[in-house]
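Subject: Structure handover

Hello,

Please find the structure below. Notes on what was found in it follow.

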Amino acid sequence: MSTTEQRVAVVTGGARGIGAATALRLAADGNKVAVIDLDEAACQSTVQAVKDAGGTALAVGADVSDSAQVEAAVERVVAELGAPTVLVNNAGVLRDNLLFKMSEGDWDTVLNVHLRGSFLMTRACQKHMVDAGYGRVVNLSSSSALGNRGQANYAAAKAGLQGFTKTLAKELGKFGITANSVAPGFVVTDMTAQTAERVGMGFEEFQAAAASQIPVQRVGRPEDIANAVAFFASPDAGFVSGQVLYVAGGPLN
Ligand code: NAP
């Protein structure tokens, strides 16, 4: 693909963790990448890493759960990089607690960032994909979609994203747009560090305990997830849509 034909990919929550690894990988695959996160300054390390590797990237600060900020962010991407035809809905937060202790605020925050955020971002980007007759939407679900103690809010959001993905696949397929979900198991990021803290374990000990339960006997790295996202985000995946791929070092029930 020549530079003039480069696609524009948007990665939310791209300042760190899985989003940062995904932004780098999509840039290496030839996409210009818009890195969206709550704090624009926090996106700079990802943007610099893309540039250092010879790619093109833009930092954009936006809260994905706020429709005005989402609309403004996508308009900025269009103006500065071009119309986005690849979208990775990756931004996420945890507000874990057992149901009887979970506040309405904890429920709303998690549902708003994961579900409402993916809805708003996809709605804002889809018109550009429809105009292009081409699009790739990848939503980050989780093994927690199958149920996880202390995560009623997060599990509901991540299961909801699977239904959202399948519906996008059905509605948007005729415009050349595919939608798929990647559902990671345990991946070493700030998010799992936060979970270790919640359950009162050191992060190394927590990782070792998780690895012992995983068939490949190791925990995931952000790049493991980026590799799966990159396939769904590629032109080669045009006949794969509405799927959920668990990337967890083994099968899940
Ligand atoms: P992470 O290290 O915590 O990074 C998440 C990023 O999302 C942060 O940079 C965060 O910004 C940003 N973010 C949060 N709320 C946002 C909002 N409203 N608008 C824009 N950006 C926002 O998480 P991760 O582990 O890389 O996870 C990435 C995705 O994979 C999430 O959807 C997560 O649920 C999913 N996942 C992760 C794992 C795992 O084991 N790590 C497993 C399954 C699924 P701030 O730093 O400013 O908060």
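**The ligand and its surroundings**

A nitrogen atom of the ligand and a backbone N or O atom of Val 64 lie 3.1 Å apart, which falls under the term polar contact (a pair of N or O atoms within 3.5 Å; within protein, one must be able to donate a hydrogen and the other to accept it, and residues adjacent in sequence count only if both atoms are side-chain atoms). This is a predicted model, in which local features need pLDDT of at least 70 and side-chain atom pairs count only at pLDDT 80 or more, while totals for chains, interfaces and linings use all residues. Residues are numbered from 1 along each chain as its sequence is written, and side-chain values use heavy atoms, with hydrogens and water left out.

A polar backbone atom of Ala 62 is 3.5 Å from a nitrogen atom of the ligand. For Thr 189, an N or O atom in the side chain is 2.5 Å from an oxygen atom of the ligand. On its own the ligand has 900 Å² of accessible area, and the protein covers 90% of that (Shrake-Rupley method, 1.4 Å probe; for residues, only the protein chains shown count as cover).

There are 29 residues around the ligand, and Arg 16, Asp 37, Asn 90, Tyr 154 and Thr 189 come nearest (a residue is near a molecule or strand if one of its heavy atoms lies within 4 Å of it). By type, the shell divides into 14 nonpolar, 10 polar and five charged residues. Here Ala, Val, Leu, Ile, Met, Phe, Trp, Tyr, Cys and Pro count as nonpolar, Asp, Glu, Lys and Arg as charged, and the others, Gly among them, as polar. The largest share of the shell, three residues, comes from helix H6 (helices are DSSP runs of H or I, at least four residues, and strands runs of E, at least two, numbered from the N terminus).

**Two domains**

The domain assignment gives domain 1 (3-185 + 222-245) and domain 2 (187-219); such bounds come from an automatic or database assignment. Their C-alpha centres lie 24 Å apart. The contact between them takes 15 residues from domain 1 and nine residues from domain 2, where contact means heavy atoms within 4.5 Å. The ligand lies between the two domains because both give residues to the shell around it.

**Thr 165**

Thr 165 is in helix H5 (residues 152-172). The side chains of Thr 165 and Ser 181 are joined by a polar contact of 2.7 Å.

Regards
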